[in-house]
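Student: I'd like to learn how to read aromatic rings in a protein model. Can you walk me through it?

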Amino acid sequence: TIRKGIESITEVDCEKLEFKEIPITSLLGRPYQLSIVDSILLIADNMDGKALLMYDLTSGFCKHVLNIGQGPSDILVPLSINAFSDSGVVSILQRQNGLCREYLLSDLLKDSIDNFKSINLISADRFVKTETGYLGSGFYKDGMFCSFDNKGNVVEYKDMALMCDIEDAADKYRLLQGSLAFNKKVNRIMFAPSFTSNVELYSCNDNRINKIDSFSIGYPTRIEEKIMKGEKKIDIGREDIRSCISVCSSGNSFYVLYNGTTMEKQDEAKYRYILQFDAGLGNLDRVYRVDSKIINICVSEDDSTIYAILLNKDLDYVVARASLNDNA
């Protein structure tokens, strides 16, 4: 089998990317995910009992919305956010219970949080909204992925070849968990695993996903070797590599935030990396070397700017941006 990929991220030519802070540090608690819709940054954060910070990059307008709690309009954290500019809809998964809520961006800006559509994605821990439904990954007993139509009806379960021999759904998900992103322009989904080597590209038609290609970094990992040997009890240990941290989509590309350091040496790492893949073909186009304290990223629709959550030199959480045009 011809395997597309690299043995190590260090063998690739990297471009250095410098981030500049956006002055909203005083408004942040412990942010962990961000997304962008037009000029609005959506930042998942637990601050003053609210779960989401909205920041207008053009006007500087800020607003904390969505009460954290158990009430009918409240929301449970942590969240996973999906948003698309053309629809004006913000989809938010409550990772504790697999419930997804959809709000109009205009409603959130007005703090009209009672008006939402609710979809049950069952055991989803991560998800993407597609053109015709949803794809969740989580503790599904019939496969690690589950696709749903727009009403939340199950269409199909899907598994990965490597994982088919692992019977326990919790074990399977624990070892193969990762992040998902959907590209609307080409109807593709990218899956970026947390502890294994294969970044995978899927087509999505009528809520059915099919693997198109994959790109491996450091295959096989220790975990993959243990799976292939048929070991029954596999733990994620200090010597295992933390692979992908997150993945997002722009107009033409997928961007993967990649670590590549063993669990025991996380604090010693000098850099992390942002891998830019062609959305349609899954080819690796560019690699950027970035600060090791970057936690999450999103990219503008026109591929001009990367936004990031990171810890600065004072170990304060900040949101920052870097221009990709400077590196073109």
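Tutor: Let's begin with a group: Tyr140, Phe148 and Tyr157 form a cluster linked by ring pairs. Keep in mind that this is a predicted model, where local features need pLDDT of at least 70, side-chain atom pairs count only at pLDDT 80 or more, and totals for chains, interfaces and linings use all residues. Residues are numbered from 1 along each chain as its sequence is written, and side-chain values use heavy atoms, with hydrogens and water left out.

Student: Are Phe84 and Phe182 buried or exposed?

Tutor: Buried means under 20% relative accessible area, exposed over 50%, and partly exposed in between (1.4 Å probe, protein chains only). Phe84 is buried at 14% relative accessibility, and Phe182 is buried at 5%.

Student: Which kind of pair do Tyr103 and Phe116 make?

Tutor: A tilted one, because their planes are at 50°, with the ring centres 5.5 Å apart. Tyr103 is buried at 1% relative accessibility, while Phe116 is partly exposed at 25% relative accessible area.

Student: What sits over the ring of Phe116?

Tutor: A charge sits over a ring if NZ of Lys or CZ of Arg is within 6 Å of the ring centre and within 35 degrees of the ring normal. Here the charged end of Arg101 does that, 4.2 Å from the centre of the Phe116 ring.

Definitions and conventions. Phe/Tyr/Trp six-rings, centres within 6.5 Å; stacked < 30°, edge-to-face > 60°.
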